[in-house]
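Dear colleague,

I am passing on the structure below, together with some notes on what turned up in it. Please read the notes with the coordinates open beside them.

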Amino acid sequence: TLDRLKSSMDKRLRPFFGGKPVVVYVDIYIVNIGEISVTNMDYKLMLYYRQTWHDPRLAFDLPEAITVQGGMLNDIWIPDTLFTNEKSSTFHKVTQDNYLLSIWPNGTTYLSMRISLTGICPMDLRKYPMDTQTCYLNIMSYSGSTDNLILKWKFGETGSVTWAENINLPQMDVLGVKGREVVDVFASGNYSRLSLAFKFKRRISLFLTETYVPLVLIVALSWVSFWINYKVAPARVALCITTVLTIITLSASVRTSLPKVTYTKYSDWILITGLVYVFGALVEYAVVNYF
């Protein structure tokens, strides 16, 4: 049966060639969401990418579907879909090529592939670290315009994306995932696009313990100099200068973990405020000593 199916079709031509466009239904199961990098402005995913379409050239006379392994994937037409905003991706091949190809008697074809990818995610860090970010995954056909191929979510925009219950990110909470169907207009024609939006909210607890609590303690320490006699210059000056340098070092460590941007973030304002308080303690001693 498989040999007959391979010999009866030209994989270079899409189903219904010269007629109506082929509709490819897509659904996704997310196995894991990896690192969301603020520095590199990207995120990592491992997912099962599933496509379903109808190809009447693959119809056969058997009572049940055929599940195919081996090189059959290279012998039939498959959609040339791609992730338009990916940096890199990997198709898993251990211990065998990680895909499932099933063909039903009426020619309906189902293809599931396990893929790991790194996607681009431009972030607005003005509210960092109390920010909420939205990362997108866009799926398109490379060569098939809407005259030839249409992409649709298999179970609608809200039900076509599911994920494992044990997904737990170190610094983010997943607020939701939602799909959308869009048609993009290019010079070469109109192209169907599926857009997947991941919404993340950053947890502030890490920054409280690593940055803000130490900052408050350093500012409080600088105020201890108010209880030191102004005549004891070495003690007061050493304490004030030490706290100023400590806050500068803390600010530098925070900046090294973030990309260089042209706007001021919430974290910058908080660190600057702490520096002003500490510097004010040093200026207070200079004023008291002068007068």
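Which residue does a disulfide join to Cys121? The partner is Cys135, with an S to S distance of 2.0 Å, and by the rule used (a pair of cysteine sulfur atoms within 2.5 Å) the count comes to one disulfide. The torsion about the S-S bond of Cys121 and Cys135 is about -75°, so the disulfide is left-handed. Cys121 sits in the loop between strand 7 (108-120) and strand 8 (132-141), while Cys135 belongs to strand 8, so that the pair, 14 residues apart, links distant parts of the chain. Helices (H or I, at least four residues) and strands (E, at least two) are DSSP runs, numbered from the N terminus.

Before going further, please note that this is a predicted model, in which local features need pLDDT of at least 70 and side-chain atom pairs count only at pLDDT 80 or more, whereas totals for chains, interfaces and linings use all residues. Residues are numbered from 1 along each chain as its sequence is written, and side-chain values use heavy atoms, with hydrogens and water left out.

The protein is divided into domain 1 (1-202) and domain 2 (205-290), with bounds that come from an automatic or database domain assignment; their centres, taken over C-alpha atoms, are 50 Å apart. In contact (heavy atoms within 4.5 Å) are 13 residues of domain 1 and 11 residues of domain 2. The two domains bury about 1100 Å² between them, 71% of it on carbon and sulfur atoms, where buried area is the accessible area (1.4 Å probe) that two parts lose on being put together, summed over both.

A cis peptide bond joins Val94 and Thr95, with omega about 0°, and Thr95 is placed in the loop between strand 5 and strand 6 (99-103). A cis peptide bond also joins Tyr128 and Pro129, with omega about 5°, and Pro129 lies in the loop between strand 7 and strand 8.
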